[in-house]
Amino acid sequence: MSTTRRAAVLGSPIAHSLSPVLHRAAYAELGLEGWAYDRFEVDEAALPGFLEKLGPEWAGLSLTMPLKRAVIPLLDEISSTADSVEAVNTVVLTADGRRLGDNTDIPGMVAALRERGVRQVERASVLGAGATASSALAALSRICTGEVTAYVRSKARADEMRGWGERLGVTVRTAAWEDAAAAFEAPLTIATTPAGTTDALAAAVPDRPGTLFDVLYEPWPTALATAWADRGGAVVGGLDLLVHQAVLQVEQMTGRSPAPLAVMRKAGEVALAAR
C-alpha cells in the first residue's frame with residue numbers, strides 16, 4: 001500500500017511520544033488507507049528547514065516541546081486559542097500550501113473534564129507554573145466562574161501566572177508551594193508539575209476530595225492520583241488529555257469527524273502497559 005497522505009509529531013526528545021500510536025489507531029478505525037503518521041526528532045534550530053522540505057502529501061503536524069512557540073513565526077495564521085497562550089501544538093497544512101496553527105491542548109483539557117462530569121466549577125487550584133499551567137488557566141477560563149489559586153515556587157513564577165491570568169481573563173491568586181496542600185480544598189485541582197513533584201502531597205489529600213486533573217501519564221498512576229482515588233475523589237489523567245487533544249488533531253488533519261476516542265484511548269493504554 002502506497003502512502004498518499006502524511007502526518008507526524010515533532011519535538012526533542014520525541015522517542016517516547018504516544019502520538020503515533022493514537023493517530024495510527026484512528027486512521028485504522030476510520031479506514032484511512034494510505035495515511036502514515038511518524039515521529040521526528042526536531043529541535044528549534046532544525047524546524048524551519050524541516051517545514052520547508054514538506055511536500056503536498058503532508059496533511060499536518062503535532063508539536064511538542066520545545067517547538068510550540070518556536071513554530072509561530074513560521075506559520076501563516078494561528079487560531080485565537082493558540083494565540084491566547086502563545087503556543088501551537090497542531091499545524092494543518094492546506095492544499096494551497098498554507099500553514100495553520102492551533103492549540104488542541106486547551107479544548108482537550110475541557111473535553112477530558114467534561115467526560116468526567118466536570119462542566120463548571122466555582123473555583124480551582126493549579127499546581128505549578130510552567131507551559132502546561134498556562135494552558136490549564138486557558139481551560140479554566142472556559143469553565144471556572146471564580147478565582148484560581150496557583151501554587152508556585154518563586155516570585156517570578158507568581159508574576160508570570162498572574163500575567164497569564166490577566167491575559168486570559170482569569171482571576172489568579174498566587175500562593176507559596178509550601179502551602180500547596182491547601183489546593184485540595186477547591187472542587188478542582190490541576191497538577192501540571194513534573195513526575196515526582198507532588199508525591200509528598202499525597203498524604204494531604206482530604207477525606208472527601210473534589211476532582212484532580214493530573215496531566216502526567218507516565219509513570220501512572222502518580223502517588224497523588226492514587227491517594228486521591230483511594231479517598232473517593234474523581235481523577236482525570238494525562239492520558240485523558242493526550243487522547244482528547246489527539247482526537248481534535250485527527251479531525252483537523254483528516255477532515256473526518258468524529259475521531260474514534262475509545263479506540264485511541266485503548267491503543268494508548270495498551271502501549272503504556274507494554275513499556
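Visitor: Which way does H9 pass H10, left-handed or right-handed?
Guide: H9 passes H10 in a right-handed crossing, meaning the near helix is turned clockwise from the far one by less than a right angle. This is a predicted model, where local features need pLDDT of at least 70, side-chain atom pairs count only at pLDDT 80 or more, and totals for chains, interfaces and linings use all residues. Residues are numbered from 1 along each chain as its sequence is written, and side-chain values use heavy atoms, leaving out hydrogens and water.

Visitor: OK, at what angle do the axes of H9 and H10 cross?
Guide: Roughly 135°, and the axes of H9 (residues 238-254) and H10 (residues 261-273) come within 10 Å. That makes H9 oblique to H10.

Visitor: What does "oblique" leave out?
Guide: Angles under 35 degrees are roughly parallel, over 145 roughly antiparallel and 65 to 115 roughly perpendicular; the rest are oblique.

Visitor: Which H9 residues meet H10?
Guide: Among them are Leu239, Val243 and Val250, and on the H10 side the residues include Leu261, Met264 and Leu272.

Visitor: New topic: which residues touch the most other members in the largest nonpolar core?
Guide: Leu137, Leu140, Met161, Leu188 and Phe213, out of 35 residues. A nonpolar core is a set of buried residues such as Leu and Phe joined through side-chain atoms within 4.5 Å, with buried meaning under 20% relative accessible area (1.4 Å probe, protein chains only).

Visitor: Which helix or strand gives the most to this core?
Guide: H6, with seven residues.

Conventions:
Axes are lines fitted to C-alpha atoms, for helices over the stretch in contact, and angles run from 0 to 180 degrees between N-to-C directions. Helices (H or I, at least four residues) and strands (E, at least two) are DSSP runs, numbered from the N terminus. Contact means heavy atoms within 4.5 Å. Buried means under 20% relative accessible area, exposed over 50%, partly exposed in between (1.4 Å probe, protein chains only).
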